[in-house]
Amino acid sequence: MRQLALALAMTMLLPAAQAQETLRERIKARLEQRRAEKGNDAPAQGGLQELQVQGRKVLVHLPAGYDAAHPTPLVLAFHGGGGHAEYMADDEKYGLKKKADEAGFVVAFPNGYSKLPGGKFATWNAGGCCGDARDKGVDDVGFARAAVAAIKGRFNIDAGRVFAAGMSNGGMLSHWLACEAADVFRAVASVAGTDATANCTPSRPIPVLHIHARDDDHVLFNGGAGPNAFRDESKVMNFVSVPETMARWVQRDHCAAPPQRTLDTQGTADGAYCEAYSGCAGGVTVQLCVTDTGGHSWPGAPSVRRGKPGASKALDANDQIWRFFEQAAR
């Protein structure tokens, strides 16, 4: 009799125990979900939002006054070879977050391919360059597409105003994105990184801006890799010259008119000039800006790597790039 009573008591307690166990499972599942989403939801250092895309980080800065009810332009900013997302996001080095706040665009800093858990010393596969990303055949065009899709899935992005800009190896990737992803990117800009593609057939005419210093000692203005380009020469390439890069885009965009000078401060202590090719298919523009000095750096940057010559102050790359992007989107 006592055994029967005990069995009945256990039967009555079973639903309560099961409910408690179910609650614990739900709590555990929710905690695991929060851990998985932590990188996507929590602000990273400096107020940046961190997204995980194909196992790599993408740091996103929302401009001051960002309104989720209104579509906002997006700029993907690709770091140089051997760099990483946090370095490109440092306003002391590039000033892109400040420019985003002033102009009202979202700026995202993707991380290149790296063997290291933290993502440092990363490179991009831009065709002929550079490093392990190139050697392993990493699909960085696909990664850039996925990054844009992930950002659009989280924030209100104007699909007609998505742009790419990059420094050095990241600039080379921007050129390749113009070749392979003109359906995603409205226009691209490259600083100190020439065209590294072997084949390029854009799906439409696309505006391209290239910025380069005459005294660049990494990606030489007239072609070739300088002595400071990479410790291991096999990790880079015989870089295409700036004139050849521009000639390629003039041909691809079917520009007919000769270039017109839009800026010329040559002959000054820190000179520069810009020239724009018009008469291109689809009404697009191909533009080149050249600084006399600054070496392998981002013109207008507050600071550069230790031991390097200061960035040119003859023009501000951020101002030039955003002005070019605005005109391209009209």
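Some ground rules. The model is predicted, and local features need pLDDT of at least 70, side-chain atom pairs count only at pLDDT 80 or more, while totals for chains, interfaces and linings use all residues. Residues are numbered from 1 along each chain as its sequence is written, and side-chain values use heavy atoms, with hydrogens and water left out.

Confidence comes next. pLDDT is the predictor's confidence in each residue, from 0 to 100. The chain averages 88, and 86% of the residues score at least 70. Residues 1-19 have a pLDDT below 50, and beyond near neighbours in sequence that stretch makes zero contacts in the model; a contact means heavy atoms within 4.5 Å. Residues 27-45 are also below 50, but with 18 contacts beyond near neighbours in sequence. Where pLDDT is low, the predicted coordinates should not be read in detail.

Now the pockets. The search runs on a 1 Å grid over the protein atoms alone, and a pocket is an open set of points where a 1.4 Å probe fits, with protein on both sides within 12 Å along at least five of seven lines; lining residues have an atom within 4 Å of a point. Grid points are joined across faces, edges and corners, and a volume is the space filled by probe spheres set on the points.

The largest pocket has a volume of about 1200 Å³. Its lining has 46 residues, and nearest the centre are Gly81, Gly82, Gly83, Phe230 and Arg305. By type, the lining holds 19 nonpolar, 18 polar and nine charged residues. Here Ala, Val, Leu, Ile, Met, Phe, Trp, Tyr, Cys and Pro count as nonpolar, Asp, Glu, Lys and Arg as charged, and the others, Gly among them, as polar. Helix 2 (85-88), helix 4 (131-135) and helix 6 (169-180) each give at least two residues to this lining. Helices (H or I, at least four residues) and strands (E, at least two) are DSSP runs, numbered from the N terminus.

The second largest pocket holds about 190 Å³. It is lined by 14 residues, with Tyr94, Gly95, Lys98, Asp316 and Asn318 closest to its centre. Two or more residues each come from helix 3 (96-103) and helix 8 (317-328), and the largest share, three residues, is from helix 3. This lining divides into five nonpolar, three polar and six charged.

Helix 3 also contains Lys99. Is Lys99 buried or exposed? Lys99 is buried, at 14% relative accessible area; buried means under 20%, exposed over 50%, partly exposed in between, with a 1.4 Å probe and protein chains only. Its side chain makes a polar contact of 2.8 Å with that of Asp319. A polar contact is a pair of N or O atoms within 3.5 Å; within protein, one must be able to donate a hydrogen and the other to accept it, and residues adjacent in sequence count only if both atoms are side-chain atoms. Beyond four places in sequence, Lys99 touches Gly104, Phe105, Asn318, Asp319 and Trp322.

Gln266 sits in the loop between strand 8 (260-264) and strand 9 (272-277). It is partly exposed, at 35% relative accessibility.

Last, helix 7, residues 242-252. Its buried residues include Met246 and Trp249, and the buried set packs against helix 6, strand 7 (208-213), strand 9 and strand 10 (286-291). Ser241 caps the N-terminal end, with a side-chain oxygen 3.1 Å from the backbone nitrogen of Glu244. Just after the helix, His254 has a positive phi of about 55°.
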